[in-house]
Amino acid sequence: MINVEGITKLYPKDKRKENTELRGLKEVTFRVDQGEVFGFLGPNGAGKTTMIRHLMGFIKPDAGFAQIKGLDCWKNSLAVKALVSYLPGEMNFLEQMSGLEFLNLMSGMHGDRPIFRKRRDALVERLELNLKQSIRKMSKGMKQKLGIIYALMLDAEVLILDEPTSGLDPLMQKVFIDLVLAEKSQGKTIFISSHMFSEVERTCDRVGIIRNGKLATVEEIQKLRQAQQRTFEITVADEGQVQILRERGLEIIAVNGTSLSIEIKGDLNPLLSGLAQVKVMSFTQKMTDLEEAFMHFYEGEGRF
Amino acid sequence: MFKQQGKKAFNYATGLSLYNLLLIGVYPTISQSMVVAELSQKLPNSVKHVFGVTSGSGFDRFESYVATQCFGRVWLLVMGISTISTADALIAKLVDQGGMAYLLSSPVGRLEVLATQVAVLTSGLAVMMGLTVLGIWGAMGLFKIPIDVWAYFRLVVLEFALFLAVGAYSLLFSAIFNEEEPAILIASSFTFLCYILDVFSELNDRFLWVKNFTIFGWVRPQKVLEGETPTLPTLGLLGLATIFIMLAGYIFSKKDIHV
């Protein structure tokens, strides 16, 4: 459904010889199949938004092409946009309008099909947003909800979502994930750009990892999840039990009295069977951030 | 867009109409004042030109008073600021702040988006000109000053063409830079340069030719109010505005837009 072939976009800074940090993109190639949820991950400034600008036909590539359903995103941008619904990363709306006026305007620009209103009403109820409120007076989270309602109400074949859960509280993040999974079950193709591993972990089938303007790899989420290193902070009843856990062969990276930090990569079962032997007073999981997860993943494969 | 910018244009126009009402209201007092008459007689011609009085007459004639005060420098300044800021808000500000992403993500072409913005700019200007002339007509009825109504109509059409040209090149800069700051800076500087050239051309007959190179030089309110029909300058300014808008359209449709 989405086909990106050798996309290169170099900004003036990128063309200077002394510059080593690429701001644009260099020879990015990947495909997203119909019905697939594809995560596009990378730290801020890695080139995620530049990639989305190509998919939306906002910028012209220096080399290569991006296609959606066989249509060139730059040359046939109008036809492409008829298939696509886009949630921008920056929630800067036409602020003097109310939420409802904004959705009506966008609905009109997309052809004002009756299904838009039906879907809009269902989404408003699900995300609990007051559409009569002026956008100027909305909080960041409320604006994000409005953006999500706009993107999902259009019932488009392809969804392009840039950092979709930023600003949402955990409860609404969960609602969003459910909404994405519902869209996926209807056969929609979804492209999610993010710098948060947790955002794509629960929704995506495959993940493309971009770093410094180059696509490092495309992996199945399952493989990344297995490689992700997690740290658990555990407090046990007494120091004798710390010793029991030591003997289980777990990778204990720090001990402070009865508190331990244990690092686990992949399979959780050794930890769980170890914990069954002791009395656990407290248990928290510290997720490694995305960059860290990538580094661990690629250190193992020697790609970085 | 119409709603957002229309409110702003209406506010500016209402302010200008009230300002004109006030100016016309004090005209009977000023025209009968010996001090003002003496002062206007004593002013050198070059100074009168700087203030927009193009004939030798002073404030004893209503047309010269209106040309100087109602369509004078304050009015030009307010119209200039309003037009440049509207043109900037219609493209550069929307791109800069990201709102353009929503408009361009719809299956509506860039040229269509630009055409809508041009319509917003044009209708805003029409509202401002309409309310200005209605304000003047109303004030004249109120203070019972006899005037040639059509001369005022011809003048606002000419002023409309002038500010459409200002708005059109401001839109062009807005499309070229796609960022608020440089777009406003270049449009304001260019407008100020045109205005200074116009003032300069009036200082001495030797510099009169300079007025042909500035759009402000094509507009002489007092002459129009005194009966001249400004067909050529009006068409010239509308032609220039069309060229600037076409250029803006070409650039906006081809340029990378980083939203």
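Chain A of this predicted model holds an open sheet of four strands in the order 2-1-4-5, with antiparallel pairing. Strands here are DSSP runs of E with at least two residues, and helices are runs of H or I with at least four, both numbered from the N terminus. Two strands pair if DSSP finds at least two bridges between them. Strand 2 (25-32) and strand 5 (71-72) of chain A stand at the edges with a single partner strand each, so one side of each has no neighbour in the sheet.

Strand 1 (residues 2-9) and strand 2 of chain A run antiparallel and are joined by five bridges. One place to look is A:Lys9, whose bridge partner in strand 2 of chain A is A:Leu25. Helix 1 of chain A lies across strand 1, strand 2 and strand 4 (63-68) of chain A, and runs at about 120° to strand 1 of chain A. That angle is taken between N-to-C directions on a scale from 0 to 180 degrees, with axes fitted to C-alpha atoms, for helices over the stretch in contact. Contact means heavy atoms within 4.5 Å.

Further along chain A, strand 11 (residues 229-236) is mostly covered, with seven of its eight residues buried. Buried means under 20% relative accessible area, exposed means over 50%, and partly exposed lies in between, using a 1.4 Å probe and protein chains only. Strand 11 of chain A pairs with strand 13 (residues 259-265) of chain A in the antiparallel sense over seven bridges. Within this pairing, A:Arg230 has A:Ile264 of strand 13 of chain A as its bridge partner.

Strand 13 of chain A also contains A:Ser261, which is buried at a relative accessible area of 10%. Leaving aside residues up to four places away in sequence, A:Ser261 touches several residues, including A:Thr231, A:Phe232 and A:Ile253.

Chain B has another make-up: 13 helices and zero strands. Of its 259 residues, 49% count as buried. Among contacts in chain B between residues at least 6 apart in sequence, 76% join residues at least 24 apart.

Now for the empty spaces. Rolling a probe the size of a water molecule over the atoms shows where empty space is left. On a 1 Å grid over the protein atoms alone, a cavity is a set of points where a 1.4 Å probe fits but cannot get out; a pocket is an open set with protein on both sides within 12 Å along at least five of seven lines, and lining residues have an atom within 4 Å of a point. A volume is the space filled by probe spheres set on the points, which are joined across faces, edges and corners.

| Space | Volume | Element giving the most lining residues |
|---|---|---|
| Largest pocket | about 560 Å³ | helix 1 of chain A, four residues |
| Second largest cavity | about 70 Å³ | helix 9 of chain B, five residues |

The largest pocket is lined by 26 residues, and among those nearest its centre are A:Thr49, A:Arg53 and B:Val259. Helix 1 (48-55) of chain A and helix 7 (92-97) of chain B are the elements that give two or more residues to this lining.

The whole structure has three cavities of 30 Å³ or more. Twelve residues line the second largest cavity, with B:Ala9 and B:Ser82 among the closest to its centre.

Residues are numbered from 1 along each chain as its sequence is written, with chains lettered from A and ligands numbered from 1 in the order in which they are written. Local features need pLDDT of at least 70 and side-chain atom pairs count only at pLDDT 80 or more, while totals for chains, interfaces and linings use all residues; side-chain values use heavy atoms, without hydrogens and water.
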